[in-house]
Amino acid sequence: MQSKRPSLARVHPASETTWQQQYRDSITRIDTLCNALELHANELSISQTAERQFPLRVPWSYVGRMQKSNPHDPLLLQVLPHALEEQEAAGYGPDPVGDLASVKSPGLLKKYHGRALLLATSRCAVHCRFCFRRHFPYALQNPRGDAWRSALDEITADSSIEEIILSGGDPLVLADHELAQLVRHLQAIPHLRRLRVHTRLPVVIPARINGELLDWINASELGIVVVLHVNHPRELDHELQERLRTLSAARCRVLNQSVLLQNVNDDPDTLVALSERLFDSGVLPYYLHLLDKVQGAMHFDVDEPTACAIMKEVAARLPGYLVPRLVREQAGEPGKTPVQF
């Protein structure tokens, strides 16, 4: 690799581009990422095999928050295809939370009473290496293929469903006019009360929080909950904090869930700082997940005793409303399993 090789991405200041342009211009080559961070490939334990299986994708906005010349940067570690992904271990598999057993129609999953999950798209703005759906067969689970009809019919026929969770991929990859149309269909179903949107896109491209997004949120007759995925306080730069304050002022509640990741956020200082910065941004900490045991992510796992010790110190330093619930998701269980510490 030549360290001075020019970037192949079209790069513009964030203020001059739309979120869609930033999404299209994301880094998808390891050499481009290394050049941007002034790193050499031989400083990193890169796996070309892992990259082929689960390709690199990271927006420039997110890379701008990484520390240059630091191969151990906690934001970089979340997106870099690592040689440890090639390891296999008992208990780690392609479907760690039992998604496939809960499919009711293409893209519609029902695991818990009163809630159903709609996989709005297979696309994400960033490919997190610990993603529990990195092996999910999205090609067979496309609810948009029939304009959502099968999923909407299934939801309409099941009066026990009161809440729809939009997930993916990342639902905010979809255009706002398409999301607004889907929300109109959902709010026409009498027994639905809430819509929850799980997203990481605004974290890596803050410009995704724009007027069009706020318009359909404010217009919705459903109770809207936006659940972000922020893992580290340095992800919350000034631009993201300002836009999150705008989002939290809209007709929605904004929560955050994180994953406890080795060498990323597995220490009390980082988690305390994360909760404080989230609250300063108008976001309430919600869950801290133990890693879902997906094949390829075992090097991120933090064992339960260590997690409990970390959370004891976090709880001793923060008011209760800033302490996220430590949980594990287990296939077949009726909800998240709290981990007592």
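**D301 and its partner.** I looked up D301 to start: at 13% relative accessibility, D301 counts as buried (buried means under 20% relative accessible area, exposed over 50%, partly exposed in between, with a 1.4 Å probe and protein chains only). D301 forms a salt bridge with K293, with the closest N and O atoms 2.6 Å apart; I take a salt bridge as a side-chain nitrogen of Lys or Arg within 4 Å of a carboxyl oxygen of Asp or Glu. K293 itself is partly exposed, at 29%.

**Ground rules.** This is a predicted model, in which local features need pLDDT of at least 70 and side-chain atom pairs count only at pLDDT 80 or more, while totals for chains, interfaces and linings use all residues. Residues are numbered from 1 along each chain as its sequence is written, and side-chain values use heavy atoms, leaving out hydrogens and water.

**Other salt bridges.** My search of the whole structure gave 19 salt bridges. One of them joins R29 and D31 at 3.0 Å, N to O; R29 is partly exposed at 33%, whereas D31 is buried at 11%. I also checked E239 and R243, whose closest N and O atoms are 3.3 Å apart. Those two sit four residues apart in helix α9 (residues 238–248), so about one helical turn separates them (helices are DSSP runs of H or I, at least four residues, strands are runs of E, at least two, numbered from the N terminus). E239 is partly exposed at 27%, and R243 is partly exposed at 27%. I noted a network too, linking K111, E329 and K336.

**Cysteines.** How many disulfides does a search of the whole structure find? I got zero, a disulfide being a pair of cysteine sulfur atoms within 2.5 Å. For C128, the closest cysteine sulfur is in C131, 6.9 Å away and so too far for a bond. For C131, the closest is in C124, at 6.1 Å, again too far. C128 is buried at 8%; C131 is partly exposed at 23%.

**Sheet.** I traced ten strands in an open sheet, ordered β1-β2-β3-β4-β5-β6-β7-β8-β9-β10, with mixed pairing (two strands pair if DSSP finds at least two bridges between them). β1 (103–105) and β10 (337–338) are the edge strands, each pairing on one side only. Strand β9 (residues 325–328) runs antiparallel to β10, joined by two bridges. I found V327 bridged to P338 in β10.

**Strand β8.** L284 lies in β8 (residues 284–289) and is partly exposed at 33%.
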